[in-house]
Amino acid sequence: MPEPEVDTRRREIAGVLTGEFQSPSPDQVLENVLENVLLFLTSRRDRNAVSLVCKSWYRAEALTRSDLFIGNCYAVSPRRAIERFRRVRSVVLKGKPRFADFNLMPPNWGAYFTPWVTAMATSYPWLEKVYLKRMFVTDRDLELLAQSFPAFKELVLVCCDGFGTSGLAGIASKCRQLRVLDLIEDEVTDDEVDWISCFPESGTCLESLIFDCIECPINFEALERLVARSPSLRKLRLNRYVSIGQLYRLMIRAPQLTHLGSGSFSSSDIVAQGDQEPDYISAFAACKSLVCLSGFREIIPDYLPAIYPVCANLTSLNFSYANINTEQLKSVICHCHKLQIFWVLDSVCDEGLQAVAATCKELRELRVFPIDAREDSEGPVSEVGLQAISEGCRKLQSILYFCQRMTNAAVIAMSKNCPDLVVFRLCIMGRHRPDHITGEPMDEGFGAIVMNCKKLTRLAISGLLTDKAFSYIGKYGKLVRTLSVAFAGDSDMGLKYVLEGCPKLQKLEIRDSPFGDAALRSGLHHYYNMRFLWMSSCRLSRQGCEEIARAMPGLVVEVIRNENEEDKDGFEILYMYRSLERPRIDAPEFVTIL
């Protein structure tokens, strides 16, 4: 018998000879070729560039795109997105801007998932993955999601709110092929529903289950059974209601875990009953695949030695919920030679960071959070810790560092020792704090960062800064895409330097800085290229904002006042973003769209 491909080709030739078929148009041939090529193109930036070449490439790219990324849920309507991209299997959707995380935006501003899930339910029957960030998600939304997509596999909710445990129960019970359910820094309402028990009683496909943000007890016996019947489970992050004794029982049943969030690292119920303490060290030693550890809430330091057996293999360690001191950190970090990602509280002090620098030569990302975020507190880390990290961890690519005291010399040293930095976020708590040794502004330090770190794309600045610092950013920050500014600058010239000098700038966040209408007007040439501009507690006037709105009809200009503010002409926040649609219709009363 002839091969199927050969037989098909013969029929096509016969069809042409008998006049049944007509040769496709050149455009159709080009689109067919493009579709096969574009299947191998995964970067969304590359795909966006391809779609701009011509109409044929635009159509072919739309037909082959399976992953849809929307950085602002109000930049495009669900209808428009669905009409263009018809074969989508994965959706990433972002809502409120990042400053919402710091309570700088009224909670009921918007970013509702309902119109999106309603539209997708009838248009994307084979949808498999949904990732939402800072969206308002209702239980009904989750119910519709669970009902509408029979092949649904992954749900990731980051910094979302509006839903509760009853919505999670719908996902668990109806998504029979669910592989990932990750709830990260969400606000989840306790509906007193046992959602853990709703997973299928037969074997599950679960690979990742993260619920450390849920502030209510869970049915541990149901969780234990779920873990036991989930042989593919690799990532498990538990909430504070899971004790170390219960963690032991889970680890015994899932030695295959690669990522573990430990829940509460404190006395277990077993010990409270006077029984013998479980062998936690053996349980960790049996988990030979562990590379990522987090959790450690309500930690009792006496239990820290339990994790020693896995430290040598760790590439990620998150102590940002663990109030440990310098000596306790040293006892752990001395084993962590492979560590690439490390998050910690500043309770470890400069000496703790010096221990990190001495051991973790492969470190790529460091985040140091404040245990006391008040502006007038005495921070236990300073330029000493920062300089030690720069000297010991020269492969560093990303740093977030909260402190009370800093010097230009330490920041300049980091710019020279860590030239591969892509992200540099230095948060000097307290307003307008200078170099605490020289009393000079921090201009030269941040100037060195943008001059010497040629790969820098994200920058957050703070401390006493003059317009000179902004002139450095405008002159040298040619790859900066995200810039966050707090309590900085002298005049409108500062912002003008940035808007005129940073061609790649996409996201600009500014609070409590002396920038007014003239500074705002200096970015008219660039706003259509940006994803958003956020300014709060600056020197803007309503008239200046209206001028921008008139000059740029494709830009949505929102002025936001406090919910309790009665003066409808006054406003606290300006939020501008590009959009292909008319202004949204779900804006609350305290939002005026100009």
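Visitor: Which element gives the largest share of the lining of the second largest pocket?

Guide: That's α3, with 5 residues. Bear in mind that this is a predicted model. At least two lining residues each come from α3 (44-51), α4 (55-64), β1 (67-70), α5 (78-84) and β20 (573-578).

Visitor: How does the lining divide by class?

Guide: You get 13 nonpolar, 8 polar and 10 charged residues.

Visitor: Why is α14 called roughly parallel to α15?

Guide: The axes of α14 (residues 326-333) and α15 (residues 349-359) cross at roughly 10°. Angles under 35 degrees count as roughly parallel, so α14 is roughly parallel to α15. Their axes come within 9 Å.

Visitor: How do you know that the two helices touch, and which residues meet?

Guide: Contact means heavy atoms within 4.5 Å. On the α14 side, Thr326, Glu327, Leu329, Lys330 and Ile333 take part, meeting Cys349, Glu351, Gly352, Ala355, Val356 and Thr359 in α15. By class, the residues of this contact split into 5 nonpolar, 3 polar and 3 charged.

Visitor: What does the UniProt record say about residues 87-132?

Guide: The unreviewed entry annotates them as "domain: Transport inhibitor response". In the model, that stretch is 22% helix and 20% strand, with its end C-alpha atoms 19 Å apart.

Conventions
Residues are numbered from 1 along each chain as its sequence is written. This is a predicted model: local features need pLDDT of at least 70, side-chain atom pairs count only at pLDDT 80 or more; totals for chains, interfaces and linings use all residues. Side-chain values use heavy atoms; hydrogens and water are left out. Helices (H or I, at least four residues) and strands (E, at least two) are DSSP runs, numbered from the N terminus. Ala, Val, Leu, Ile, Met, Phe, Trp, Tyr, Cys and Pro count as nonpolar, Asp, Glu, Lys and Arg as charged, and the others, Gly among them, as polar. UniProt positions are given in the numbering used here, feature names are shortened, and annotations may be inferred rather than shown by experiment. Axes are lines fitted to C-alpha atoms, for helices over the stretch in contact, and angles run from 0 to 180 degrees between N-to-C directions. Angles under 35 degrees count as roughly parallel, over 145 as roughly antiparallel, 65 to 115 as roughly perpendicular and the rest as oblique.
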